[in-house]
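Reader: I have the sequence and the coordinates open, and I would like to go through them with you by question and answer.

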Amino acid sequence: MMSTPLGGAAATQAITDTQATESRYSGRFGHLRHRWEQFPRWQQWFVLALFAVLLYALPILNPPFITTEPGNDWQLACFDMARFALIALGLNVVVGQAGLLDLGYVGFFAVGSYVAALWTSPDSTYIHIPYLWTLPLAMVVTVFFGVVLGIPTLRLRGDYLAIVTLGFGEIIRLLATLIPALKGQVGFQNVGAPPGTDAAGREIFNNSAGTPWYWFTVTIIIIVIMLLTNLERSRVGRAWIAIREDEDAAEIMGVPTFRFKIWAFGIGAAIGGLSGAVFAGQVGFVNNQKFDVQTSILFLAAVVLGGSGNKYGAVLGGALVSYIPLRFTAVADYKYLIFGAALVVMMIFRPQGLLGTRSQLLANARTIGATARRLIGAAPAVEVDADATAAPLSVEEAVTEEVADIVAPDRTVETAVGENLAEIKDLSVTFGGLTALDHVSFDIRRGEILGLIGPNGAGKTTCFNAMTGVYAPSSGDVTLDGTSVIGRAQHSITRLGIARTFQNIRLFGEMTALENVVVGLDARHRTGTWGALFRAPRHRREERESIERGLALLGFVGIADRAEVLARNLPYGYQRRLEIARALATEPKLLCLDEPAAGFNPAEKDELMELIRTIRDDGYTILLIEHDMRLVMGVTDRIVVLEFGKKIAEGAPAEIRNDPAVIAAYLGEEADDGSA
Amino acid sequence: MLDPQTAFVAADEWIRLDWAALAGNFWSATFDGLTFGAIYALVALGYTLVYGVLNLINFAHSEVFIVGAYAVVFTLTGLGFGPSPPTFSVVGIIGALVLACLFAMLASAVTAFILERVAYRPLRHRSAPRLAFLITAIGMSFVIQYLIFIWRGPNPEPAVIMFQPIPIFDVFGTIIDSQQIIIVVAAVVMMVFVDQLIRRTKLGRGIRAVAQDPDTATLMGVNKERIIVATFIIGGVLAGAAALFYVMKIPSGVLYYGGFVLGIKAFTAAVLGGIGNVRGALLGGFLLGLIGNYGQILLGNAQWTDVVSFVVLVLVLMIRPEGILGTNLSKVRA
């Protein structure tokens, strides 16, 4: 027995420790953020309250040096900054979080403005409603536009969305000119505003009063930020980041990527529409002149400048993009050039933006340390400057009864142990004229470790891909627990109970180890977007359980000490184990491991064999693709051998070892090739 | 609430279809549509080639095109062309146009080359995510646009009339003039040339290899960087040619954002025919030219062309995202 699961990796681990300590507090402001989270709650609230007071007082304080140059009213400038911040906040959901490039955001803004104008301006023949009602109405209408635009485009590669939205922004502007009912350049006067008059009987929300509108917008921003934070720290936010990081891997981990992309696009559109309605109210006049594509690119520059994916960064970027031309009127004429160049320069030299911190993706992050200590007896490496040289936990040490209980899911499997859990019947996959898999049939029995071996190009990974929905087979069927998986979307196959790891590791690099596992857990969660938005009880329960189960899974594969480290900073062996933990998190009936030992040294391979056996003993069924004969022979119960897409043998390891066809086709003279 | 009478009026306020106008102008709309289609197709090739090789929508290609258009205007103005038809001999005019075309090709190709060097190459070397490429592309498009804006101001360049179109054929009572014939024939000849270049030459083989699998192509001794630069330059040269025809067709259409809408249309043409497909770009260009022209007459305003093109783009993506001809660059057989 090995004392540490990664004994062989100890040397490499020492080298990578410096990077490994870079936890979720990475980025320029990581230390500050870490310090902040150490403060007690009341101190945090106090600081936030102070900040809020300053924020609201900004237009009245009118600080020297900061104030805008003569000719630009400071209070109106404050409103404009807030307006841009709100827009950037919405666009950030689409571009920053979900990684979808929306170049026509001004189109949504325009739709929102026209909704407010059509239903409040006396120039419109429509029925009139109070201004404040147009805010939700604008959001509903823009979401409709967003979904109509998103459904055909979001199924395709992300680039198409960019060009379609670019066209959309331009079309909305043209339609405003071409459609008579929208009144072109004449436009709509006297758009409504929130009610209320001051002591002198003047309207509080008139279009030369910046301050009330600023307060109004800042309040909206705060509410939007709170709601977005709820989404971020839920399966919705995690799904978005996972899609941004690796869409295919996200889908295979059970994330319905299309649905969450539509959500991101729709939410972005809603915030765009909302800001449009606010803008229409403040200006009091809407025509076709203010919605050009250039403005869309300014919005994009705001998001990229501040820090794509970070809502506070987006707010900062939005405020800056509005502020700079107002503060320095000398450069105002060049603002498009400046911000266009900023896009290029940021992408090349600082893609994470000015505020490069990443967002928290777990709702109960404060409880991670305590939960880890309770379950595994070790605190995860949360300390930014802590030296993480503590020996990693061995499987045996870590897997206490409680951890094992939490890891083993209470899933219902129809099949009895030893019966056929999955049946691959007559499966063929062809690419053009090439037959990669040729009428292959075999069964996987519940509770066994089945090895799938064969020389390079034999069709092993193709078989995996057909089983998990990546490729559509040209003939044949795959059933799991009596249900056919063919023709289902990849994420629904995962939910049916097939999970897999990848030959070349595909973790979500910008997420911590724990967050990666929680993405897998989300496959079994039932919280919807609305539940997450308003923190429904089920959502809170699922989030609490996520941390507990996620840490237990990490403990189970022996890497709980790095729960808080970004996946891309984990040592290689840890990444492989994390992939297994993430796959286990989806509660699979069948776990498919694609060359899990690739790149391991013999000692690490022994530990991996140990882990695979432990997983099986915990009640999982395993399909294992592996090149290393020693490992395959040592760990599997039965083996299926493929060659040139055909099955040439099936049986117990001892039978396979002595099968003349296998020896001739695959093993050659050398029965044990030792390395992958 | 609206009563039926006002509801009817309200509907009429949104969109009106003028079928009689379309029937009356069908053939002239067709010939003109094909002329515009030829220009779209030449620009579309630039998108298609770069997309085929790099899987990148080169948003700044529209600016590569407009730089060429400026080169045409400057060259011809320098040679004495102006807002009224020139009085030179036919040979003189042809010579001037060829010169203008060469300068435009050079200007566009150089712009495309710089674009690749300054913006895309650093990202490629950092193996940046796709989103970074797209954002950089739109950023560069913006930078070039506003550099031109600062230099030339917000107004279009003075018109440059190249020659007075002469009627050549009379088809169904509609005149086809020399201008339309020159543009369509020259564009088709260039497209055939590029098609053969891709199919038959060593460079074409390299482009196809990189399109199919950049890493394997590199291992097989293909110089990937050179192929990428060559692709950008070919796209630039074609955009330069398109610029000449564009100025020929719309003499006063050269202004700083003039490439933008044409760019979206050309991209739509590329998607319509099948992005990454050279023949698809030609087919898509012609089809889009026709659809846009019919739509504009049916709906009664020239600006509807843009709206119609965009709706076509969304419909194609919905119904047949791989485009009409569907194949991509990597699957072309020699």
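Reader: Which residue in the turn of the hairpin formed by β1(B) and β2(B) has a positive phi?
Author: In this predicted model, strand β1 (residues 167-171) of chain B and strand β2 (residues 174-177) of chain B pair in the antiparallel sense, over four bridges. Two residues lie between the strands of this hairpin, and the one in the turn with a positive phi, of about 50 degrees, is B:Phe172.

Reader: Which residue of β2(B) stands opposite B:Pro167, and how many of the five residues of β1(B) are buried?
Author: Across the pair, B:Pro167 has B:Asp177 of β2(B) standing opposite. Strand β1(B) is hardly covered, and its count of buried residues is zero.

Reader: Is B:Val194 buried or exposed?
Author: B:Val194 belongs to helix α7 (residues 178-200) of chain B. Being buried takes 20 or more other C-beta atoms within 10 Å. Because B:Val194 has 23 C-beta neighbours inside 10 Å, this residue counts as buried.

Reader: What span should helix α10 of chain B have, and how far apart are its end C-alpha atoms?
Author: Helix α10(B) is mostly covered, with 19 of its 26 residues buried. The helix runs over residues 224-249, and at 1.5 Å a residue it should span 38 Å, which agrees with the separation of its end C-alpha atoms, 37 Å.

Reader: Why is chain B said to be as compact as a globular protein of its length?
Author: The secondary structure of chain B comes to 13 helices and two strands. The globule rule gives 20 Å for 334 residues, and chain B is as compact as a globular protein of that length because its radius of gyration is close to this, at 21 Å.

Reader: What share of the residues of chain B count as buried, and what share of the contacts between residues at least 6 apart in sequence join residues at least 24 apart?
Author: Of the 334 residues in chain B, the share that count as buried is 51%. Among contacts in chain B at a sequence separation of at least 6, the share that join residues at least 24 apart is 80%.

Reader: Which element of chain B gives the most to the side that touches chain A?
Author: The two chains meet where 38 residues of chain B are in contact with 36 residues of chain A. On the chain B side, α5 (90-125), α6 (130-152), α11 (258-273) and α13 (304-319) each supply at least two residues. That side divides into 31 nonpolar, four polar and three charged residues. The element that gives the most to it, with 14 residues, is α6(B).

Reader: Which element of chain B has the lowest mean pLDDT, and what ipTM does the predictor give the complex?
Author: Chain B averages a pLDDT of 85, and 93% of its residues score at least 70. Over residues 1-9 of chain B, however, the pLDDT is below 50, and beyond near neighbours in sequence this stretch has two contacts in the model. Among the elements of chain B, helix α4 (residues 61-78) has the highest mean pLDDT, at 93, and the lowest, at 48, belongs to helix α1 (residues 4-12). For the complex, the predictor gives a pTM of 0.85 and an ipTM of 0.85.

Note on methods
Residues are numbered from 1 along each chain as its sequence is written. Chains are lettered from A and ligands numbered from 1 in the order in which they are written. This is a predicted model: local features need pLDDT of at least 70, side-chain atom pairs count only at pLDDT 80 or more; totals for chains, interfaces and linings use all residues. Two residues are in contact if their C-beta atoms, placed from the backbone, lie within 7 Å. Ala, Val, Leu, Ile, Met, Phe, Trp, Tyr, Cys and Pro count as nonpolar, Asp, Glu, Lys and Arg as charged, and the others, Gly among them, as polar. The expected span of a helix is 1.5 Å times one less than its number of residues. A residue is buried if 20 or more other C-beta atoms lie within 10 Å of its own, exposed if 12 or fewer, and partly exposed in between; C-beta atoms are placed from the backbone. pLDDT is the predictor's confidence in each residue, from 0 to 100. Two strands pair if DSSP finds at least two bridges between them. The radius of gyration is taken over C-alpha atoms; the globule rule is 2.2 Å times the number of residues to the power 0.38.
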